[in-house]
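Here is a protein chain to get to know, along with its 3D model. Have a look around before reading on, and then we can walk through it together.

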Amino acid sequence: MDKVSFLQEKSTFHMKYPDQSDLAFYRWYTTQYPNEAIGWFHLGQEREAQGNTEQALEAYRRGLVSKQGPYYNETRDAYSKLLRERQRNTLGNRTRLLLASLLFLYFQFAFSPGLLRDASSKVTPQAAKQPIPPTAQTQPHVEVIAVPPTLSARELSEQVRRYVESKRPALTQPYTVIVVPEVPGSPLFRPLLFYQPREVRGILRYNPTSRTVLSEKWWDKPVQFEREPTLATVKAELTDEQLTLQHVLILRNALYRYYQQTGTLPAQLSDLAGAYPGNYLPQIPVPPKRLLLKSYPYHPKAFSPESAWDSLRNVLPLPGYPEPVTPFEPLQLHLSTSTHTMKLISGSHLVRSYPVAIGKNDSTPEGYYTIQQKINQPRGHDNIYGTRGMVFQENGYAIHGTNHPESIGSSVSLGCVRLVNAAVEELYTFVSLGTEFIISNAPSKAQPWSNPTPFVLPAGPEEETPQVIYNWLH
């Protein structure tokens, strides 16, 4: 829709509802036309003018996942500008806090008791007995990168050496790079956090402190990752790191969505795993044994509403491993109806990819939605909804399992999105209430992707609704 048509819509709206504000129109417009960036742009501008930075950023984000059209570039520029302003404000706040802390320490030192006085007597027994939170030991870090398939072993060695010498300047521990053949649709020489290698061209271990290659091995032709005995150790290390990354991403996304819906963080992580309808997660993931942690550290006092997502790195830190070079973003679901493919993404990171069945005759609605309900074992005749269901629109649209797995990859439903039960159980684990779901028929190639080892958190009876018989558009 062009600007003239947009203004005509706005004029018609105000003539019909003279008491409504521009904000009300923008909210109405984005509901009616969720794929038009022009509406999200103006909604973001209005939110920004009101000082609601997070809501403005959210509007701009939605505009960026709409179709390319009028005001798409303006939306992108406004989003980037507001992000930079927020980062500057965050830096300014940190600087002021640091100065205040230094000033406080100065006065404490200047006016504290002398060295011969026993100031420790003022410490309460309760304070003295406070336990120190456990921290995870540094774990073996592994990166998976894709390279062009035409490179020789010598060329691979040279280019991967250049890669490790230019990346990860903050790392001090040796780490390993697994080199795989190019994955169509994925970037080259960039960590693929959630890719399960099938074939490998090489492996290199690097010490960033001494800037030396500790060991390397290259194959002229790809070898099978699962069958190569020399890769057994690094395979186990990669599995543990991917599992930890998944845990932290799941928890951060659930915390972020909880905050979006309630305006606060839960008092404890276990609050995320409530009974239906408050079941953001089925369970709270337990750290891998090698981390030597009983639970993931949770520091809700470190949360900053001004930088809600970014501050979750401090609220729920990633134990034992470095944060990704390209930071995580809140989880989103993207469905391409043209390829019958569902992708779970975190910013530029592809987390999972699943084949799906969708509605016949274009009955699966395009648009921007959120997960509204999560149901374990949704009731329906003949178990037609499979083992899990996630409602994304009130009038009968859901993502669910199926008792007809042969239908996956086809357009056969009345509008719902079907997955095989194993896939929907995993998706149910990752996706919390409030997670965004974007459906588009924009042409998109079905890119091959190798999902990591399946990860499913069991769902319990408290997430079931035995008294409800659902009539979703199966």
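## A first look

The protein chain has 474 residues, and 48% of them count as buried. Buried here means under 20% relative accessible area, exposed means over 50%, and partly exposed is in between (1.4 Å probe, protein chains only). This is a predicted model, so local features need pLDDT of at least 70 and side-chain atom pairs count only at pLDDT 80 or more, while totals for chains, interfaces and linings use all residues. Residues are numbered from 1 along each chain as its sequence is written, and side-chain values use heavy atoms, with hydrogens and water left out.

As for secondary structure, the chain comes to ten helices and 15 strands. Both are DSSP runs numbered from the N terminus: helices are H or I with at least four residues, strands are E with at least two.

A contact means heavy atoms within 4.5 Å. The accessible surface of the chain is about 24100 Å², and 53% of that belongs to carbon and sulfur atoms. Those areas come from the Shrake-Rupley method with a 1.4 Å probe; for residues, only the protein chains shown count as cover.

## The cavity

Searching the whole structure turns up one cavity of 30 Å³ or more. About 110 Å³ of space lies in the largest cavity. A cavity is a set of points, on a 1 Å grid over the protein atoms alone, where a 1.4 Å probe fits but cannot get out, and its lining residues have an atom within 4 Å of a point. Grid points are joined across faces, edges and corners, and the volume is the space filled by probe spheres set on the points.

Which residues lie nearest the centre of the largest cavity? They are H141, V142, L193, E241 and L245, out of 14 lining residues. The elements giving two or more residues to this lining are β1 (141–147) and α8 (232–262). By type, the lining divides into nine nonpolar, two polar and three charged residues. In this sorting, Ala, Val, Leu, Ile, Met, Phe, Trp, Tyr, Cys and Pro are nonpolar, Asp, Glu, Lys and Arg are charged, and the others, Gly among them, are polar.

## Rings that meet

Now for the aromatic side chains. Rings of Phe, Tyr and Trp (its six-membered ring) pair if their centres lie within 6.5 Å; planes under 30 degrees apart count as stacked, over 60 as edge-to-face and the rest as tilted. By this rule there are 25 aromatic pairs.

One of them is edge-to-face: Y175 and Y206, 6.2 Å centre to centre with 80° between the planes. This pair links distant parts of the chain, with Y175 in strand β2 (residues 175–181) and Y206 in strand β3 (residues 199–207), 31 residues apart. Y175 and Y206 are both buried.

Y259 and F303 have ring centres 4.8 Å apart and planes at 65°, so this pair is edge-to-face. Y259 sits in helix α8 and F303 in the loop between α8 and α9 (308–315), 44 residues apart. Y259 and F303 are buried.

Ring pairs also link F6, F13, Y17, F25, Y26, W28, Y29 and Y33 into a cluster. Helix α2 (residues 22–32) has L23, A24, F25, Y26, Y29 and T30 as its buried residues, and these pack against α1 (3–16) and α3 (37–49).

## Loops worth a visit

| Residue | Relative accessible area | Class |
|---|---|---|
| N361 | 73% | exposed |
| G185 | 58% | exposed |
| K360 | 39% | partly exposed |
| Q377 | 32% | partly exposed |

N361 lies in the loop between β8 (358–359) and β9 (367–370), and its phi is near 55°, a positive value in a residue other than glycine. Q377, in the loop between β10 (373–376) and β11 (388–393), also isn't a glycine but has a positive phi of about 50°.

K360 is found in the loop between β8 and β9. Which residues does K360 contact, leaving aside its neighbours within four places in sequence? They are S411, V412, S413 and L414. The C-alpha atoms of K360 and C416 are separated by 9.7 Å, though the two are 56 residues apart along the chain.

G185 lies in the loop between β2 and β3.

Finally, the peptide bond from Y276 to P277 is cis, with omega near 5°, and P277 has its place in the loop between α8 and α9.

Key: 1 Å grid on protein atoms, 1.4 Å probe; cavity = no way out; pocket = protein on both sides within 12 Å on 5 of 7 lines; lining within 4 Å.
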